[in-house]
Each structure stands twice: as C-alpha cells, then as structure tokens.
Amino acid sequence: MKWLTRERAGAMLSDLIARPSVNPMGRLHSSATPVERGVVEYVEGLFAGRDARVTRLPVSDVHENLLIEYPADGSGPAILFESHMDVVPADDWADEAFVPRREGDLLIGRGACDDKGSLTAMILALLDLIEAGERPPRPVLLLCAGDEEYAQTGIKSFCGLPFDIRWGIFGEPTRLEPVVQHKGTLRWDFTVHGRSAHTSRPELGANAILGAIGAVEALSRLQKDLQRRFASPLMTGPLLTVSMIRGGRTRNAVPDECVVSVDFRLLPGMDMQAARSEAMAVIDDACSRTGEDLRATHSDLQLRTPALSTPLDHPFSRQTLEICRTYAGPEVDLRGEPYGTDAAWVADRAAALVLGPGDIRSAHAVGERIDLNEVVTCARIYRAIMTAPPPQLTGPSTALPGGVHPA
Ligand SMILES: [Zn+2]
C-alpha cells in the first residue's frame, strides 16, 4: 500500500494547508476565483492521467466543488465520501497559520484537522485503490466540497444533481469513531420594539432592552423545560444560546429597539418548525408580560441545518464500526455529537456517517493540529469501506449477526 504511509500523508496534508482556502464567512470576497480553487487545482493534479473522472462543479462566485468518480465492476448506487476544502479564518493566529509545521508525528496549521486531514485520508485511500487496479463493488464518489463552514452551499448544490447515493461517509474530526447522530441547528434574530423617551421621563417610553432581558430569561427557562422533555443517550439535550445582542441609540434615551440572535440546537427527532414556534411564542409572551408597550418580531431563519439520525443498528453503521475496530482498536464505538455537519443534507437518501481523523477540540482553534498516524489509519479505514460488500439498501433496520469484516 504505497500511498498509505505517514510520509505521503504528511507531504499531501502540508501541500493542502499551504493552499489557503479561507471561507469569507459571508463577508465580501474580492477575488475573481472561488476560495477553494488552489485546493481544487492541486487535487486535480493528483488524479491527472488516472482511471477516474474528475469534474469541477461550480457552486457560486465564491465557492466550488470538485468531484472524483471511480466506477465499480457493475452499475448500481454509489457510496459518497465527502470532506470539505474550505477552512475558517486564522486572524487570531500569531504565527503563520498556512505554513505547516511538524512536531514529531503532529502536523500543525489551519485546516490540519478541520478538514484537510480527512480530505488527505480520502484522497490517499482512493489513489491507493486506483493504483492497485482494484474495482470497488459499488461506484465510489469523492466529493471535495466547498463552503461547509458558513452556509453548506457546496453539499446543498451537489444534492441537486442526479447521483444515486445510498451510503455516505463525511470526513470530520471524530477521532476515528463513527458518528451516527448529531444535532440540527436553527438561527434567527428577534427584535423587541418599544418606544423612546428622555431618560429623565422613562415612564413615557417602553424600554426594549428590559423586554429583551425578560425574553432571554424566558428562553433559559424554556431550555431547561426542553431538556426535561427531550433527551438522548448519545449527546447533550436541546440548547438555546443567545449569541448576540444589541440595543439602544444613545445614553440619554429609553431604547426603542433591541435585537437578539438565537442559536437553537435540536436533537434528532425533534420537530424543528414546532420547536421554533414554541421558542417564538415564549419570546412574544415574555414581552407582553412586562406590562409595557413592547412587542417582538422575528427574522426569517438565517440558518437551518437538519439533524443526523442514522440508526445505531443500521447495517452500514454496524459494518463501519467493525471496520473501525479492526484498524483503530476494539474500544471504538458509535457516537453522537452536538455539532452539525454536511452529512445531514444527504440523510433523506443515504445512510450517512461522520468519520475522520483528529479531535474536534482542535478545530477552529489556534495551533490546530493532527497526528499523521491517525490520518494513515483513517485512510486504511476509508479504503476498507470502499471495498467492503455493500450492506443492504432498504428494509427493516437490523443488526448483522457477528458483524462484517473488511474485504
Ligand atoms: Zn469541518
């Protein structure tokens, strides 16, 4: 397995980190080319002249995807491997975030674990398979996605294309443990409207900031209530976080307006629309209870990402777990996570799992790093999944007796 070495992994991951693909996170993007272009050109070079079809898939002026298709012996539905090419900004790094640095087996740089470590492992696995001349039992698609970090436009645009995908592995730092479930997210702003007045005569006004404080306290009570009503053995309960607040115009006027941003993390199985309606009703009620002339309005959703809830006993979950245990150790288990990923966008058509090298606690942090041994082990796991016999497509979800061993 010529490609599955620490040296190959270190060289490729260093090359990827050195091609900054910083997501502008909704801010103005001044360049004429998508932020992922440097990575796209590099990956195109790796697959040039090989037995795989490589296609650029435009997403927007700012983002693009790259798809690599490796055909199977026969036809049939495909398995999708996806990692994202974009990274979060590194303005808070004192040293060079895009000059990769080695410390023993650790590689340090922006994107090392989120998400270029997973991307490296997927590329190594596929190159190794192609160079060995092995045909997989089902077509393998490798999607190098753009814009995961801000609006997930890369995966959403890919989902609009007519590919028959029934299984998906989404590379994110999970320390080589398959994640079957994660939370969904809703984000919106609410505005409390009051009435301004001179601060020497506050009784003539209606203080929007006081209304917002009442609403924030009510949301905190709602979170406790939701956590009593909804629980998961795999992750923390529903979370309602007030993440931004701004109000008031000048120091000597009763504030007539206060805007509050809400980040709502929901468990799999919760009705997202009903949960949002409940939170909005709690906010509206808190404003009216102040006894002042206050009311709240709500923005449209700025973000809605679905939860992921692949069953623990789905044959694909069981098979992937067995493969991970074979390569990474018997202590590996199926897990849930509180964060969101691109995996949720294909969950309506495919059994999707999140699985990759690295630790999420290092993601988005200064000094982001990854252990190259984990990248190589993950490449072995991905390769074994690519060549494993396809688990059943539909039907009742049942555990496979004795598990399935990697091909
Ligand atoms: Zn990521």
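Why does threonine 199 count as partly exposed? In this predicted model, in which local features need pLDDT of at least 70, side-chain atom pairs count only at pLDDT 80 or more, and totals for chains, interfaces and linings use all residues, threonine 199 counts as partly exposed because its relative accessibility is 37% (buried means under 20% relative accessible area, exposed over 50%, and partly exposed in between, with a 1.4 Å probe and protein chains only). Residues are numbered from 1 along each chain as its sequence is written, and side-chain values use heavy atoms, with hydrogens and water left out.

Threonine 199 lies in the loop between strand 9 (184-193) and helix 5 (208-229), where strands (E, at least two residues) and helices (H or I, at least four) are DSSP runs numbered from the N terminus. Leaving aside residues up to four places away in sequence, threonine 199 touches Arg251, Asn252, Ala253 and Val254, contact meaning heavy atoms within 4.5 Å. Proline 255, although 56 residues from threonine 199 in sequence, has its C-alpha 9.4 Å from that of threonine 199.

The chain as a whole is divided into domain 1 (6-182 + 307-387) and domain 2 (184-305), with bounds that come from an automatic or database domain assignment. The centres of the two domains, taken over C-alpha atoms, are separated by 36 Å, and 16 residues of domain 1 are in contact with twelve residues of domain 2. Between the domains about 930 Å² is buried, with carbon and sulfur atoms giving 64% of this area (buried area is the accessible area, 1.4 Å probe, that two parts lose on being put together, summed over both).
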